[in-house]
Amino acid sequence: MTTAHIRPEILAAIKNTIVPEDKTFGRALFPVIAAATYRNGTWSDLEIKLDTEHAVSAGSVVVQYGQSIFEGMKAYRVTQDIPQIFRPYDHAKRFQRSADRLCMPHVPEELFVSAVKKIADLYTDLIPREHNSALYVRPALFGDDYSLEITPSAGYSFTVHVAPTVPFSVNMKSVLIERENTRAAVGGTGGVKAAGNYAASFLSVQRARSVGCATSIWLDPIEHRYVEELSLMNFFIVKDEKLYTPELTKSFLPGLTRQSILQMANHLGIETVEQPIDINELVADLKKGREIEAFSSGTAAVISPIKSFKEIDGQEFVVGTEPGPVTSKLRAALVDIQEGRAEDLFGWMQNVK
Ligand SMILES: *Cc1c(COP(=O)(O)O)cnc(C)c1O
């Protein structure tokens, strides 16, 4: 698609977009989106339009039954002349796996990648250039049929929204050990980015906030003993100079940041171990004062160091007050590639044009 196909009033809307003062993650959504629709078994061409032009009925399958998935990635322009997106083809593949689980049609890889590139390209001038900031890109796919029938929707919308992110702070965070609620069941949708997973996690995040934690850490759905992930992030610890992360189960999300960290760690000569992490063992190690680093990983914050684990009754097990050396080294190595200061060793970055 060339810019010549975009209506003049849409180009004007992009040009006149005002970046809101409040850039709390997700609040500063821009008005213009990329979109395509699936009708009678085929995808339309990509369209650049206002979000407000994309009507969805309150009687649609997505509203009534939650048939919806999403992705999240970032476009960077810190040192780059042409913005670059981190691993868009891998996000496209994961989007297809999520679609399979929810009985939705695949968005072809080319349609997905051209949509995320196009919208980031059109908003190039509003991509923040400060260290630790980027344009957040949010593809979504949902059943938009006007129907209460309990079957997969026949029609779908594919949309891509964008929002600037504030420079991410590397503040140490506390996390609640969620021993009561479960995020995902065995055989459920925890391994894909299904919208309903997030609605189901809100209650736990509220519990976490009530005891001064940023979020909760989820345990496995059977024994409530092995760490799975955080609500939008995967989990790592560093112990005896080795980097540990839970081995993939089907009940938590295989993060691309997680996979990138493992790849980078191997490249840096850090030994990596994917195996179950027992929360009780971890707590016992912290009580003994063993030297441990803990962090979470995800597109939004890349790597976010964990200060402490808390129980709902307020008991706290402190990891540390500063990001550990391995945490900092991995974070810098990843962010240097994303922000264009280091060689793109693994072919992760794609120019938007
Ligand atoms: C998106 C997400 C992650 C992190 O995935 P990235 O590809 O690294 O952004 C982890 N857990 C959940 C539940 C997620 O939705």
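The stops below cover a helix pair, then some aromatic rings.

This is a predicted model, where local features need pLDDT of at least 70, side-chain atom pairs count only at pLDDT 80 or more, and totals for chains, interfaces and linings use all residues. Residues are numbered from 1 along each chain as its sequence is written, and side-chain values use heavy atoms, leaving out hydrogens and water.

**Stop 1: two helices.** Select residues 256–267, helix H7, and residues 325–338, helix H9. Their axes (lines fitted to C-alpha atoms over the stretch in contact) come within 10 Å and cross at roughly 110°. That makes H7 roughly perpendicular to H9 (65 to 115 degrees). Now show the side of H7 in contact (heavy atoms within 4.5 Å): Thr257, Ser260, Ile261, Met264 and Ala265. H9 answers with Leu330, Ala333, Leu334 and Ile337.

**Stop 2: Trp43 and Phe158.** Select both rings. Their centres are 6.4 Å apart and their planes at 80°, so the pair is edge-to-face (centres within 6.5 Å, planes over 60 degrees apart). Trp43 lies in strand S2 and Phe158 in strand S8, 115 residues apart. Trp43 is buried at 18% relative accessibility (buried means under 20% relative accessible area, with a 1.4 Å probe and protein chains only). Phe158 is buried too, at 0%.

**Stop 3: Phe86 and Trp348.** This pair is also edge-to-face, 5.4 Å centre to centre, with 70° between the planes. Both residues are buried.

Notes:
Axes fitted to C-alpha atoms, helices over the stretch in contact; angles between N-to-C directions. Helix = DSSP H or I, 4+ residues; strand = E, 2+ residues; numbered from the N terminus. Parallel < 35°, antiparallel > 145°, perpendicular 65-115°, else oblique. Phe/Tyr/Trp six-rings, centres within 6.5 Å; stacked < 30°, edge-to-face > 60°. Buried < 20%, exposed > 50% of the residue type's maximum accessible area, 1.4 Å probe, protein only.
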